[in-house]
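Some labels used for protein structures rest on a value and a cut-off.

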Amino acid sequence: MNPTRVLIVEDESRIRKFLRISLEAHDYIVQESRLGVEGLELCAARQPDLLILDLGLPDMDGMQVLKRLREWSDLPVIVLSVRAAEAEKVAALDLGANDYMTKPFGVSELLARIRVLLRDRSPDSTSPQVLESDGLKMDLVTREVTRDGQAVHLARKEYDLLHLLLAHPGRVLTHRHILTEIWGPDRNEETHYLRVLVRQLRIKLGDDPTAPRYIQTAQGVGYRLAPGAD
Amino acid sequence: MKQAQTHQPSGALAMPHWKAYFIALTSVIVTTGLAFMLHRVLPLASLSLLFLTGILIVSARMGLRAGLAASILSFLAYNFFFTTPQYTFAVDDDGDIATLLFFLIMATISGNLAARMHREMRQRQDSLHRISKMFEFGRRMSSAAQTGQVLTALVEELAEELDSPVAVLVPGEDGRWSEAARTGSAVVPLESLQEAWDRGSDEPLALDGRLFLKLGAGPAAMVVVGRPPGQQEAQDLARSFCDQAAIALDRTLLASDLDEARVATEREQLRSALLSSLSHDLRTPLASVIGSTSSVLECGTAISEDDRNELLRNTLEEARRLDRYIQNLLDMTRIGQGGLSLDRNWVELHDIVSGATARLDLVPGRFPLTVDIPPDFPLLWVHGALIEQALVNLLDNATRYSPLDGHIGITARQQGDQAIIEVTDEGPGIPPGEWEKVFDMFYTASDSGDSLGTGLGLAICKGMVAAHAGSVAAGEGPGGKGTRMRITLPLAQQASPVPER
C-alpha cells in the first residue's frame, strides 16, 4: 500500500512543524501550505489522501476553502478550530468537513481521528452486511443487534440511530445531520427528540451516560460512536 | 390655572366692584330687617350694634370699600327707619344726632380695621401658598437625580405658576444656544437672549416681551419665560425656583462626577488585580514549561528516559493549565462585557458532566469521583458549553483543595421547577463568613498554602449560571466536612415528547 499523503494548510509555522514531525514519525508523507489558495491548488495537483485545514488563514476564510474544495472533491478533511466556537465547528461539518480538532490539541487525538477517516475510505467498505465496533454488532439483513454477544432489542428509531453511528465509527455527526436522517428535514431543529432517543439507546446498550463507552457527546455539536480499538 | 388665580394677591378684592357693593347693600337690607324684628324688645342704641356687626362682617369679607359703603348705607337706614321721626332723614333728638355721628365714626374705624385684617390674612395666605409651593418644588428638586430631571421639573413648575410657556437654553461652545428643556411654544428672540446673558444680571430681566432669568452661579443656562407675570411676587417666585434649581443642578453634577470617580476606581482596582493575577498565573506554569523543556534540551542523554518523559508530561500538564486559565480570562471578559450570548438547546446533564470530567481528566474509577444523577433527570434548556464550564470550574476547585484520596461527588436532583446540581469535596471547607465572598473576582482562600487558584474560576461559574437565571452557593459539605457547591437552575417547560417511538 502506498504511503498516505497528508496536506496541512495552516499559517502558524510552529503548528505545521509539530504536525509534520509527528505525522512523518507515523509514516505519513506531509505537504504544507500556509495559504488557502495555494492549499486548494495543491489539493488539485497532488491529490493528497487527507487535508488538515485551519479555519483562520491569512488569505481566505477556511470555510471558503472547504466550500470550494467540496465542489470537486470528497477528500477527507479535518478542520482546526478554536474553542468556544461551536457554531463554527457545526458550520464546517455541515459544509462537508469530516471532523474537527479544537486548538490546542494533543497529537495522539489527531492521529486517532486521521486513522478513523482513512479507515472509512479503505476499499473493503463495500456495503457490508454486518457492522461492528467494540463489541457491538449489527446485522443489517436480520436487523439483529448484539452487545458482547447479548441480544439488544431496539425500537425502530433507536435502530436507525445506532445504524447511522455504526456506519461512521469515530466520526462526529451533527445534530442536524442525525435529525435529518432519522426524522426528516422538517424536524432538524428538534434536538430534544435526539436527546431523548440517545438517552433511551444508551440505557438499552448499558452505556454509562457520564462515561460513555459507545455514544460520545460532542457538546453543542453532535454525537460520535467511540472509535473502539483497532 | 386655578391655582394661578387663587394666589393672586388681591384675591377677593379683584372681584367686580358692583358685586361687592351689592353684597354690602344686601347685608344692610338683611340687618335692617332683623332690626325691625328686634326694635320692639331692644333699646334703640342697641340696634346700632346690630348694624355695626353687619358692617364688620362685610368689611372683613369684602374689604374696605364695601365696608365703607355698608357703613354709609347702614347710617342712612338707621337714620331713616329707626331714629325719630321715623321714615325721614330728619332727626329730632340731639342725642340721636350724637348717636348717629358716633355710629358713623365707629362704622368707619371698625370697617377699616376689619378690612386691614382681611388684607393681612390674604397676604399671609399668599405667602403660605408661596412657601408651600417652594417647599414642594424643593422636594421635587432634591428627588431629581439627573440634570435632565431638574430642568424638566423647573420648566413644568414655572409654566404652571406663571401660566406661560417656559424654556431653558444652554450656550454651546460655538456661541450657539441649544434648548435643554421647554414647555409650550415660546419663541425665544436670540438677540435679547444674548443681551440678557451678556448682562449677567442676578435680577430677572424683562426684555422684548419676555422675562429672562439666569440659572446657576457661574450661569450655566438661561431661563426664558414667554409671558412675563406682572406681579413682583410672581417674579420673585420664579427667581427662587431658579435658585433652587441651580443648587439641585450643582448636586446632580457633583453626584455624577462622584459616580464616575467610583467606577474609575473600581475599574482601576480590577485592572491591577487582573494584572497581578496575569503575571502570577501565567508565569507559574510558564516557569515549569520553560524549565522542563530547557532541561530536556540541555541535558540530552544525561537524564534517563523516564525522567525526560516526566519532564515532558509536566510541560504538557502546565500548558493545559495555561489553556484553562486563558479560557477563564476570555470567559470573564465576555461576562464582564455582558457579551455572553446564550445559545440554548436541550442538553442532557449527563453529557455536561461527562464533558466536564473528561476535560479535567477525572475519570470515575481512576479517580475517587462518584456521579449520582437520576436516570429520569429532565433535560436542561441551557447553553451546554457554558454550564459545562461552570461545572469544570467547580470541579477544578474541588480537586485543588481536596486531599489526594479525597472523595468528590456530583449529585443532581429535581426540586419543583428547579434543577439542583451539587459538587462536594472533602477538602478543608470554607468558613461560613466567606461563603459569598468566594464568588468574588480574584478572591482566593486566605489560608490556602498552595496558591494555584486564579480567583477567577468561581466568579465565572457564578456569571455563567446567573446568565441562565440560576444561582450558585457555597456551603458545608456532607457530614460537616469539606465544601458543598450548589448550582440551582430553573427548569424550562419540557419540550413535547418524541413522536412515534
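Q: In what order do the four strands of the open sheet in chain A stand, and how are they paired?
A: In this predicted model, the order of the four strands is S6-S7-S8-S9 in chain A, and the pairing is antiparallel. From one strand to the next, the twist averages 25°.

Q: What makes S6 and S9 of chain A edge strands?
A: Strand S6 (130-133) and strand S9 (150-152) of chain A each have a single partner strand, so one side of each is left without a neighbour in the sheet.

Q: Which helix lies across S6, S7 and S8 of chain A, and at what angle to S7(A) does it run?
A: Helix H6 (residues 156-167) of chain A lies across S6, strand S7 (136-139) and S8, and runs at about 110° to S7(A).

Q: Why are H6(A) and H8(A) called roughly perpendicular?
A: Packed helices are described by the angle between their axes and the distance between the axes. For H6(A) and helix H8 (residues 191-205) of chain A, the angle is about 85° and the axes are 10 Å apart. Angles of 65 to 115 degrees count as roughly perpendicular, and H6(A) and H8(A) are therefore given that description.

Q: Which residues of H6(A) meet residues of H8(A)?
A: On the H6(A) side they are A:Lys157, A:Glu158, A:Leu161 and A:Leu162, and the residues they meet in H8(A) include A:Leu194, A:Leu197, A:Val198 and A:Leu201.

Q: Why do A:Cys43 and B:Cys461 count as buried?
A: Buried means under 20% relative accessible area; A:Cys43 has 5% relative accessibility and therefore counts as buried, and B:Cys461, at 0%, therefore counts as buried too.

Q: How many disulfides does the structure hold over all chains?
A: The structure holds zero disulfides, which means that no pair of cysteine sulfur atoms lies within 2.5 Å.

Q: What share of chain A is buried, and how many helices and strands does the chain have?
A: Of the 230 residues in chain A, 50% are buried, and the chain has eight helices and 12 strands.

Technical notes
Residues are numbered from 1 along each chain as its sequence is written. Chains are lettered from A and ligands numbered from 1 in the order in which they are written. This is a predicted model: local features need pLDDT of at least 70, side-chain atom pairs count only at pLDDT 80 or more; totals for chains, interfaces and linings use all residues. Side-chain values use heavy atoms; hydrogens and water are left out. Two strands pair if DSSP finds at least two bridges between them. Helices (H or I, at least four residues) and strands (E, at least two) are DSSP runs, numbered from the N terminus. Axes are lines fitted to C-alpha atoms, for helices over the stretch in contact, and angles run from 0 to 180 degrees between N-to-C directions. Contact means heavy atoms within 4.5 Å. Buried means under 20% relative accessible area, exposed over 50%, partly exposed in between (1.4 Å probe, protein chains only). Angles under 35 degrees count as roughly parallel, over 145 as roughly antiparallel, 65 to 115 as roughly perpendicular and the rest as oblique.
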